[in-house]
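Here is a quick tour for anyone meeting this protein model for the first time.

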Amino acid sequence: MTEDTKPGHTMSERIEELRERKERAQQGERADSISAQHERGKLTARERCVALLDEGSFVEFDQLALTRARGFGMENRRVYGDGVVTGWGTIDGRKVFIFSQDFTYIGGTLGEVYAEKVCKIMDLAASTGAPVIGINDGGGARVQEGMVSLAGYAYIFDRNVRYSGVVPQISIVAGPCAGGAVYSPAITDFIYMVKGIANMQITGPDVIKTVTGEDVTLEELGGAMTHATKSGVASFVAEDEEDCYRQVRHLLSYLPSNNLEEPPYLETGDPPGRTDPDPGEVIPSQSNQPYDMHDIITRVIDKETFYEYFPFYAPNIITGFARLGGHAVGIVANQPRILAGSLNVSASEKAARFIRTCDAFNIPIVTFMDVPGFQPGTDQEWGGIIRRGAKLLYAYTEATVPRLTVITRKAYGGAYVVMNSKHIRADIAFAWPTAEFAVMGADAAVPIIQRREIEAADDPLAKRQELVDDYAEHFLNPWIAAERGYIDDVIEPAQTRPMLIRHLEMLRTKRESLPQRKHGNIPL
């Protein structure tokens with residue numbers, strides 16, 4: 001392979017040599033590997049860039065960067081591009097930077113030149129204020145390059161951290177992602193995994209079998225649905241690559257290009273003053289009956305704009321992006337249909353992560369509250385509900401974006417305080433007439449505070465019920481909270497949408513800063 005243009009060549013000869021080099025960069029010795037990639041149901045690295053970006057917008061960088069490694073069989077495997085395609089383009093006309101690992105070259109493993117190419121793209125994304133998208137399909141560090149490969153990963157990790165909260169970072173896993181390679185996606189803001197072809201794990205099934213004796217398949221260990229339901233690694237799951245790229249484009253429609261911009265506005269055609277259908281119809285007459293909070297969310301937000309974040313993980317809390325009056329908002333909501341909407345370790349961390357992401361990128365947060373408390377049990381206590389529940393409290397309190405809360409039903413105990421109450425500086429808090437404010441529910445509170453009266457009654461069961469009804473009438477309503485200013489208003493459920501939109505507009509000029517410090521110390 002010629003590496004240097006010979007002196008004395010004419011311009012036409014040099015141009016022809018350039019064309020030959022670029023052709024080798026795109027095909028070279030990998031024609032058989034490209035066919036194998038297609039047979040696996042996967043696109044090639046360049047095909048993925050073209051599929052994701054606006055038609056004709058992809059501009060490739062470092063196509064002629066040459067693998068430097070020698071020895072260990074690399075002499076005849078030095079190619080242009082070095083196993084990763086990098087460049088920039090547009091999505092819906094907005095600039096993004098992209099790198100796509102090339103599995104057809106040494107399994108997409110990372111070497112020195114490869115890492116330099118990725119770092120260059122990440123630096124350009126940060127300096128120009130544009131999202132960076134990484135498509136992962138590789139076997140990890142390139143063994144033939146030893147420590148140089150490990151250093152390359154470290155340089156990438158450093159940039160992931162340095163640019164966190166500066167520009168959106170999105171990871172797509174569309175093939176293997178193993179060992180140290182998993183930590184770059186893990187630091188990014190969002191991880192997409194494609195069913196059937198994606199897997200992530202620190203160690204593979206063979207190593208696990210040897211060390212622990214466990215038998216597990218690659219899909220069970222690190223497949224898309226495993227990470228979407230069990231580990232909480234995969235933010236979103238796609239049915240195939242086409243679905244994945246469609247979802248990524250949709251996600252970017254809610255996000256600003258960087259932390260200094262506002263999220264893009266999109267005219268949805270849904271009138272801001274719409275009051276039908278009435279979301280209050282969803283609430284059951286009995287407070288101990290479940291309902292699906294999705295039914296309330298979708299009635300309040302602009303129609304067909306809800307994009308759920310971690311839809312399969314910790315389903316007792318709902319998180320996702322939506323629009324109100326065309327403007328992007330982040331939705332956090334208890335889900336009474338699952339564990340009665342109580343908070344546990346997984347739900348607390350899921351919501352905290354989402355809140356901090358919204359805050360980093362100037363997306364207002366709207367909370368729908370119906371929370372009976374923190375989930376009890378030794379598994380929760382020993383699993384760190386104190387420390388991990390505090391993450392949710394920390395995330396809400398730290399956030400400086402507009403924060404609005406709608407209390408639909410239960411607002412009990414410490415969980416009420418944590419779920420963006422006025423006491424932790426929520427900007428606006430509304431309650432429906434069905435709201436119940438209390439340290440705990442009547443059934444739990446009465447036996448504690450009126451135990452002797454119940455025991456002394458001729459009919460303890462009847463007396464208990466009488467006291468429960470009396471407690472509910474006097475305490476489980478929003479009026480006391482309204483009298484004290486703990487909520488800004490009690491509103492009709494049908495007015496929720498127009499009230500939220502009006503107050504979001506009022507809060508659009510909100511300016512708030514935290515005390516000067518290096519950084520807070522979130523209870524990790």
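## A mostly covered helix

Let's start with α20, whose buried residues are Thr496, Arg497, Pro498, Met499, Leu500, Ile501, His503 and Leu504. That makes eight buried residues out of 11 in this helix, which spans residues 496-506, so it counts as mostly covered. One thing to keep in mind as you look around: this is a predicted model.

## Rings that meet

Next, the aromatic rings. The structure has 13 aromatic pairs. Take Phe190 and Phe236 as an example: their ring centres are 6.2 Å apart and the planes sit at 35 degrees, which makes the pair tilted. This pair ties together distant parts of the chain, with Phe190 in strand β7 (residues 190-194) and Phe236 in strand β9 (residues 236-238), 46 residues apart. Both Phe190 and Phe236 are buried.

Those two belong to a bigger group, too. Ring pairs join Phe190, Tyr192, Phe236, Tyr254, Tyr307, Tyr309, Phe310, Tyr313, Phe321 and Phe354 into a cluster.

The largest pocket holds about 1400 Å³. It is lined by 41 residues, and Ser164, Ala352, Arg353, Arg356 and Thr357 are the closest to its centre. Which element gives the largest share of this lining? That is α12, with nine residues. The elements α6 (183-187), β7, α12 (345-360) and α14 (385-398) each contribute at least two residues. Sorted by class, the lining of the largest pocket comes to 18 nonpolar, 13 polar and 10 charged residues.

The second largest pocket has about 480 Å³ of space. Its lining is made of 24 residues, with Ser287, Asn288, Glu436, Ala472 and Leu476 closest to the centre. Two or more lining residues come from each of β14 (403-412), α16 (442-449) and α18 (460-475). By class, the lining of the second largest pocket splits into 12 nonpolar, seven polar and five charged residues.

## A buried charge and an exposed serine

Ser285 tells another story. This residue is in the loop between α10 (241-252) and α11 (293-300), and its relative accessible area of 72% is why it counts as exposed. Ser285 and Thr434 are 149 residues apart in sequence, yet their C-alpha atoms are 9.1 Å apart in space.

Most residues other than glycine have a negative phi, and most peptide bonds are trans. A few places here go the other way. Asp276 and Pro277 are joined by a cis peptide bond, with omega about -5 degrees. Pro277 lies in the loop between α10 and α11.

Two residues have a positive phi without being glycine. Asp82 has a phi near 50 degrees and is in the loop between β1 and β2 (84-91); it counts as buried because its relative accessibility is 0%. Ala314, with a phi near 45 degrees, is in the loop between β10 (307-309) and β11 (317-324). Ala314 counts as buried too, because its relative accessibility is 8%.

Technical notes: Residues numbered from 1 in each chain as written. Predicted model: local features only at pLDDT ≥ 70, side-chain atom pairs only at ≥ 80, totals over all residues. Heavy atoms only, no water. Phe/Tyr/Trp six-rings, centres within 6.5 Å; stacked < 30°, edge-to-face > 60°. Helix = DSSP H or I, 4+ residues; strand = E, 2+ residues; numbered from the N terminus. Buried < 20%, exposed > 50% of the residue type's maximum accessible area, 1.4 Å probe, protein only. 1 Å grid on protein atoms, 1.4 Å probe; cavity = no way out; pocket = protein on both sides within 12 Å on 5 of 7 lines; lining within 4 Å. Points joined across faces, edges and corners; volume = space filled by probe spheres on them. Nonpolar A, V, L, I, M, F, W, Y, C, P; charged D, E, K, R; others polar.
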